[in-house]
Amino acid sequence: MKNKKNPEKASNKEDPPPPAPLNRAGKGTASPVSGQPQKATAASLKDVPARPGRQSFPIVGIGASAGGLEALELFLKNVPPASDIAFVIVQHLDPTHKGIMPELLQRITTMKVFQARDRLEVRPDCVYVIPPNKDMSILHGHLYLFEPTAARGLRLPIDFFLRSLAEDCQEGSIGVILSGMGSDGTMGLRAIKEKGGLSLVQEPASARFDSMPRSAIEAGLADIVAPVEALPGKITDYLRHSLIITKAEFPLEEKEQSSLDKVLILLRTKTGQDFSLYKKNTIYRRIERRMSIHQISRISSYVRYLQENPQEVELLFKELLIGVTSFFRDPEAWENLQREILPTLLANHPKAGTLRAWSVGCSTGEEAYSLAILFKEMLGQITAAENFTLQIFATDLDRDAIDKARQGLYPANITADVSPERLERFFIREAGSYRVGKEIREMVTFATQNVIMDPPFTRLDLLICRNLLIYLAPELQKKIIPLFHYSLSPGGVMFLGSAETVSSFSDIFTPLNIKSRLFRRRESALPGEPLVFPASFIPALHGISKEPSMLNPAPNLQSLADQLLLQHFSPPAVLTNSKGDILYISGRTGKYLEPAAGKANWNIFAMAREGLRFELGSAFQKAIRQKEAITARGLTVGEGDAAQAVDVSVQPIEEPEALRGMVMIVFRDVAATREKKAAGRCRSTSSGNARVLELEQELRALREGLQTTREEMQSSQEELKSTNEELQSTNEELQSTNEELTTSREEMQSLNEELQTVNAEQQSKMDELGRVNNDMRNLLNSTEIITVFLDNELHIRRFTSGTDTLFKLRPVDLGRPLADIVTDLDYPGMIDEAREVLRTLAFSEKQITTSDGRWYSVRIMPYRTMEDMIAGVVITFSNITAAKKQEAELREEIAQLKGLLEARR
């Protein structure tokens, strides 16, 4: 286990002792002073900032069985006080007795011990114990109880909980296996390891029953192996050096929502896919549909049904994937893509290059193939584009859909979406179906991918994601759209569905065709939504933050001079978006703007002072509408002697590209006329000394506030200095990590070369297999012998052309029993004869007639594989009608000759 030291802020307190080092087996070593296992030092985890999307404290899952009470008592006795950790205990309990484990454990720990209840929220410094005869899971920091479905003695409650903990906490999950019999918990630790969590196992020698610890160790899943009393210290040491914590979600209150969460847990457990961030209404509608099919009225009853019928979970998973797609869906949008977008991408791309495209949520591949067809058509229309190629990556969550897409075989009804010209050029007709031609198929690479969790494709020229975002919750869309922006190359294009838009991301995408939902990637100078990479895309580095860090550059003469000019000689100005929300402020604008009372509001219309608000709003709207600079002159801010005449200029921005669509508002003070000044003096005289006294009081309060601000600034400067030193140390560690990543990249390059070699070999074998298939097809067709291949159950595996003259066979009949197929042969014993051939392995040959007078020689032989295994039978039908007619004619002539001979005698 590799640890990296984090720079810690200087303190007058004594530093906690370092964690006990691990030997090669992962066991903790004894203290060099006492020779005893080191006891963990209390280290508060509350001051460590939480990572977004995770619990604000760690959750440790503990599994124990026989002999587990003694181990649990030793474990909890050694947990440091105020550790800010939650512990969830799963033990094999007698289902027929009331659980008293919480009372037993409460006597030896100061933490509160609870017996778990349904939807109980997990809190730090608490212990939760599973009740008897229940299975337990966790979702978003809440415990959920299930009725066990497995028979007593076959239940694996520890595995069940640890798997859900791994899914819920991801890399922050921690699992502990203590004394017990059997192997329960091993698979749960495997799930935690796959997510990058921490797994700890009690040393088998210290366990009363060592089967469970040994099973985990022999499977190679234990990060740390130590005596039970040392395990709490190992956990706190690990968290102190590399803390991965999660953030609790808002509590769910309704009972229906609880059952819905249980459905999501069962889906996640069975399929590995988390639908909790999909739109709840969509999920609920799909669940209601399944409930209606099974005539189930309550969702809680449907949860039980899912537990008892695992195949229903798979069906619900398929239902939620919503794989609705077709060729050239929304034809006008595809025409705009071919006519306007693809030629532009080619024009901006290096000559004889390769364009990269990604079809997200491709389902069965129709959209990916549609793009390939459009590109091929365009290459034929543009002479200069002949040397370009297009590489399309098509991904989807549904593995079955991807398998169908790889086959490229579609029903005949695609003629409603694909023109006859395209069918003729890009498809091959196969017995009532259409198969995508090899030229198009080779342009697309299909893969199973979860766009939420798996790494994205990058350096893309075109990204197609149609009718996927509409099923995702807004918070998930806010993560995915910036990820798409990252995946696209500068100037790349995103193609969305007709009901999707990026209106809240206008700073990173600019519309090319709103109706067709075509958007171009733009470079934004403003910070937008933080880019959240999938956990599998960026590995967690112990002790190093994943957030990028930079050192402040040393100031130079030019930058200092520019700042001085902006502060003292340039007019105050404000940069806003098209709605008036302030994005940047230059100079002193307090004379013209003030924060509005109530909830913080950075809109300029809410902050404009009296005298500016109405005229500023009118000028702003006029400038946006006319797309030209508008100046409102002679406005007045303030009253009396403090009144100031102001000119306000509103300028929409077109250049540079990064600021396009924003608005610059400039305030310029101008000299007031004599009449206005005189009027101001008359009004101010009436105020008298009361106004002077009020101003003196305000001045005194401002001076006190200024002194407080100065003191806070000095304190902040000291903290910033300390933070800068820590950032410098972190930067050095990042440089070291970068060197390691460079080495890994070279290794990956070498591996990629090996894969390319293997791919070339596989391609050669596929070409050879294609030639062999063509030879076999022509051989079977040229012999004019009807052949039917059956498996050991006498179900149809394959048949040659012409079989429909004897049997009413269609391509969809593959896999059906031959006995179910209507035939013209007068051969009722054919199936029994085939079974006899399978039993004796001796071939059978008979001459059989048909209902219309034709004759066939029927030969039944065993089907032998290359390994000399019997895998069914082969039945051949040779048409001998002509021979039979000749035979009958010969017999008739012989009979006539015999009659003549007898007459002469």
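Which side chains meet in a salt bridge at 2.5 Å, N to O? They are those of Lys134 and Glu147, where a salt bridge is a side-chain nitrogen of Lys or Arg within 4 Å of a carboxyl oxygen of Asp or Glu. This is a predicted model, in which local features need pLDDT of at least 70 and side-chain atom pairs count only at pLDDT 80 or more, while totals for chains, interfaces and linings use all residues. Residues are numbered from 1 along each chain as its sequence is written, and side-chain values use heavy atoms, with hydrogens and water left out.

**Overall make-up**

- The secondary structure of the protein consists of 23 helices and 30 strands; helices (H or I, at least four residues) and strands (E, at least two) are DSSP runs, numbered from the N terminus.
- Of the 905 residues, 40% count as buried. Buried means under 20% relative accessible area, exposed means over 50%, and partly exposed lies in between (1.4 Å probe, protein chains only).
- The protein has an accessible surface of about 51300 Å², and carbon and sulfur atoms hold 52% of that surface. Accessible areas come from the Shrake-Rupley method with a 1.4 Å probe; for residues, only the protein chains shown count as cover.
- Among contacts with a separation of 6 or more, 65% are between residues 24 or more positions apart. A contact means heavy atoms within 4.5 Å.

**Nonpolar cores**

- A nonpolar core is a set of buried Ala, Val, Leu, Ile, Met, Phe, Trp, Tyr and Cys residues joined through side-chain atoms within 4.5 Å.
- The largest core has 47 residues, and Val263, Leu267, Phe275, Ile287, Leu463 and Phe484 touch the most other members. Helix α7 (residues 255–271) supplies the largest share of this core, with 6 residues.
- Leaving aside residues up to four places away in sequence, Leu267 touches Gly272, Gln273, Phe275, Val313, Leu316, Phe317 and Leu320.
- There is also a second, separate core of 44 residues, which includes Phe328, Leu355, Phe388 and Leu462.

**Helix α16**

- Helix α16 (residues 474–487) has 14 residues and reaches 20 Å from its first C-alpha to its last. That is close to the 20 Å expected at 1.5 Å a residue, the expected span being 1.5 Å times one less than the number of residues.
- Buried residues of α16 include Leu476, Ile480, Leu483 and Phe484.
- The buried residues of α16 pack against the strands β11 (354–360), β17 (460–465), β18 (488–496), β19 (509–513) and β20 (518–521).

**Salt bridges**

- The count for the protein comes to 28 salt bridges.
- In the opening pair, Lys134 sits in the loop between β5 (126–129) and β6 (135–139), and Glu147 in the loop between β7 (142–146) and α3 (157–169), 13 residues apart. Lys134 is partly exposed, at 25% relative accessible area, and Glu147 is partly exposed at 34%.
- Arg422 and Glu377 meet through their side chains in a salt bridge of 2.7 Å, N to O. Arg422 lies in helix α14 (residues 420–426) and Glu377 in helix α12 (residues 366–381), so the pair ties together parts that are 45 residues apart in sequence. Both Arg422 and Glu377 are buried.
- Arg859 forms a salt bridge with Glu845, with the closest N and O atoms 3.0 Å apart. Arg859 is in strand β29 (residues 855–864) and Glu845 in strand β28 (residues 844–849), 14 residues apart. Arg859 is partly exposed at 27% relative accessible area, and Glu845 is partly exposed at 45%.

**Surface patch**

- Leu769, Val772, Met776 and Leu779 form a nonpolar patch on the surface, with about 360 Å² of accessible area together. Patches are made of residues with over 30% relative accessible area and no salt bridge, with like charges joined within 9 Å and nonpolar side chains (Val, Leu, Ile, Met, Phe, Trp, Tyr) within 5 Å.
- Met776 is found in helix α21 (residues 689–783) and is partly exposed, with a relative accessible area of 42%.

**Backbone angles**

- Most residues other than glycine have a negative phi.
- Asn133 is not a glycine, but has a positive phi of about 60°. Asn133 is in the loop between β5 and β6 and is partly exposed at 31% relative accessible area.
- Asp868, also not a glycine, has a positive phi of about 60°. Asp868 is in the loop between β29 and β30 (870–879) and counts as exposed at 53% relative accessibility.
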